[in-house]
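Work through the exercises below with the structure open. Each task is followed by a solution in steps.

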Amino acid sequence: MTYLPYRNDIETPEEGEQESIDGIIKGMTQETQTVEKRQGHAVRASHAKSTACVIGEMVVPADLPPELAQGLFAKGGTYKVAVRFAQGPGENLGDRVSTHRGMAIKVFGVEGEKLPGHDAPTQDFVFASGTTFPAGTAAGFLSQAKKIGLTTPMPEGVKSAASSIARNINKVLNAVTGSPSPTLDFYGHPFSHPLDDYYFSQCPIRYGDHVAKLGAFPVAAEQLALDDWQLDPHQDEDGFRHAAIAYFDRHDAVFELRAQLWANAETQPIEDTSVEWPAQDSEYRTIATIRLPRQAAYGPERVRYFDEVMTFRPAHSLAVHRPLGGVMRARMQVYQALSDFRHRENGVTAANTASIDEIPA
């Protein structure tokens, strides 16, 4: 297999991209203000409701092949990690509104040149369920943000109904065609267990001498045994959180971190995140193992730190893993602006956490 090399000129910003980014920031700030008025507190503009806040280790094997032994993964080693699992909406909704999910990973003890403005020895990977980000481009991201902004003031029952419609249509689509819609999944994700889900970068990043998309795949037997688990949200509106807490009370969670290298510029675009990179061009291959041991996954002090203080951003990155494409260029500005707004509104000083020892037990 031949993989394409990273080059400084592989990105092609679309015309008017900065105007789109400015629009995203404006719209999502207004969304946050709407939620703040309702809840009396500013929350994340996406992935507001956490389900588990945990720590563990990431082990990079020493025998990766050259094309995978790049950047952070260039040599074997063990790194401490903090991981935040969360539901998709930028507000604290009941779990009847089951949309896409997030898995944010902060890797500690990372040495090497960082992106400008990042001064901690860390690398963040911000993942979500679904292999693609349906918005595709910064302009699409703006359009999506406007739609979400229109629905934010609506009653929770309306959002629940919309989520149910999207989920049921996607279930039928998957049964008929075998190809569920990423857009429908974004708005209506199955009532599956959050620790038995797959999480993806959705957007490409530089991968040393190459380019890659990343994914986290559950592999522990106890996680795979949850394939048939289904939440009944009518019995527990915080059921995903309670399921994750119960899991970590008894079991370790293990995810393989895998990379899908860029191999075909025609079928694996850098700028359009709505296109799934075909497996026949390049498969996801394991580059590390993340082990999250049994622990109290939702202690109040730790949750407050994860939710209110600590920040996860694509811009918290090594230069050799810098985010690529219009959606990522947008995210680097949007995450910063929305985090600044949220922390300012709440009177909380944001932390670019440099050591796992700063996280409460």
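**Exercise 1. Two rings and a charge**

Start with F240. Classify F240 as buried or exposed, then describe its ring partner and the charge over its ring.

Solution. 
- Step 1. The model is predicted. F240 has a relative accessible area of 0%. Buried means under 20%, so F240 is buried.
- Step 2. F240 pairs with W229. Their ring centres are 6.5 Å apart, with 50 degrees between the planes. Stacked needs under 30 degrees and edge-to-face over 60, so this pair is tilted.
- Step 3. W229 lies in the loop between α5 (221-224) and α6 (239-250). F240 belongs to helix α6, 11 residues apart from W229.
- Step 4. The charged end of R101 sits over the F240 ring, 4.4 Å from the ring centre.

**Exercise 2. A histidine in a loop**

Locate H193, and find what its side chain reaches and which residues it touches.

Solution. 
- Step 1. H193 is in the loop between α4 (182-187) and β5 (199-200).
- Step 2. Its relative accessible area is 3%, so H193 is buried.
- Step 3. The H193 side chain reaches the backbone nitrogen of L195 at 3.1 Å.
- Step 4. Leave out residues up to four places away in sequence. H193 then touches R101, L226, W229, A243, A244 and Y247.
- Step 5. Link back to the first exercise. R101 and W229 are among the contacts of H193. R101 also sits over the ring of F240, and W229 forms the tilted pair with F240.

**Exercise 3. An enclosed strand**

Find the pairing partners of β2 and say how many of its residues are buried.

Solution. 
- Step 1. Strand β2 covers residues 77-87. Of its 11 residues, 8 are buried, so the strand is largely enclosed by the rest of the structure.
- Step 2. Strand β1 (residues 50-60) pairs with β2 over 10 bridges, in the antiparallel sense.

**Exercise 4. Aromatic pairs**

How many aromatic pairs does the structure hold, and how do F73 and F125 pair?

Solution. 
- Step 1. The count is 16 aromatic pairs.
- Step 2. F73 and F125 form a stacked pair, 6.4 Å centre to centre, with 25 degrees between the planes.
- Step 3. This pair links distant parts of the chain. F73 is in the loop between β1 and β2, and F125 is in strand β4 (residues 122-128), 52 residues apart.
- Step 4. Both F73 and F125 are buried.
- Step 5. Ring pairs link F73, F125, F127 and Y207 into a cluster.

**Exercise 5. The helix α1**

Compare the span of α1 with the expected value, then list its buried residues and what covers them.

Solution. 
- Step 1. Helix α1 (residues 17-39) has 23 residues. From first C-alpha to last, α1 reaches 33 Å, close to the 33 Å expected at 1.5 Å a residue.
- Step 2. The buried residues are E17, S20, I21, I24, I25, M28, T29, E31, T32, V35 and E36.
- Step 3. Consider the spacing. An α-helix has 3.6 residues a turn, so residues three or four places apart point the same way.
- Step 4. The cover over these buried residues includes α2 (138-151) and α8 (326-346).
- Step 5. After α1 comes G40, with a positive phi near 75 degrees.

Notes
Residues are numbered from 1 along each chain as its sequence is written. This is a predicted model: local features need pLDDT of at least 70, side-chain atom pairs count only at pLDDT 80 or more; totals for chains, interfaces and linings use all residues. Side-chain values use heavy atoms; hydrogens and water are left out. Helices (H or I, at least four residues) and strands (E, at least two) are DSSP runs, numbered from the N terminus. The expected span of a helix is 1.5 Å times one less than its number of residues. Buried means under 20% relative accessible area, exposed over 50%, partly exposed in between (1.4 Å probe, protein chains only). Contact means heavy atoms within 4.5 Å. A polar contact is a pair of N or O atoms within 3.5 Å; within protein, one must be able to donate a hydrogen and the other to accept it, and residues adjacent in sequence count only if both atoms are side-chain atoms. Two strands pair if DSSP finds at least two bridges between them. Rings of Phe, Tyr and Trp (its six-membered ring) pair if their centres lie within 6.5 Å; planes under 30 degrees apart count as stacked, over 60 as edge-to-face and the rest as tilted. A charge sits over a ring if NZ of Lys or CZ of Arg is within 6 Å of the ring centre and within 35 degrees of the ring normal.
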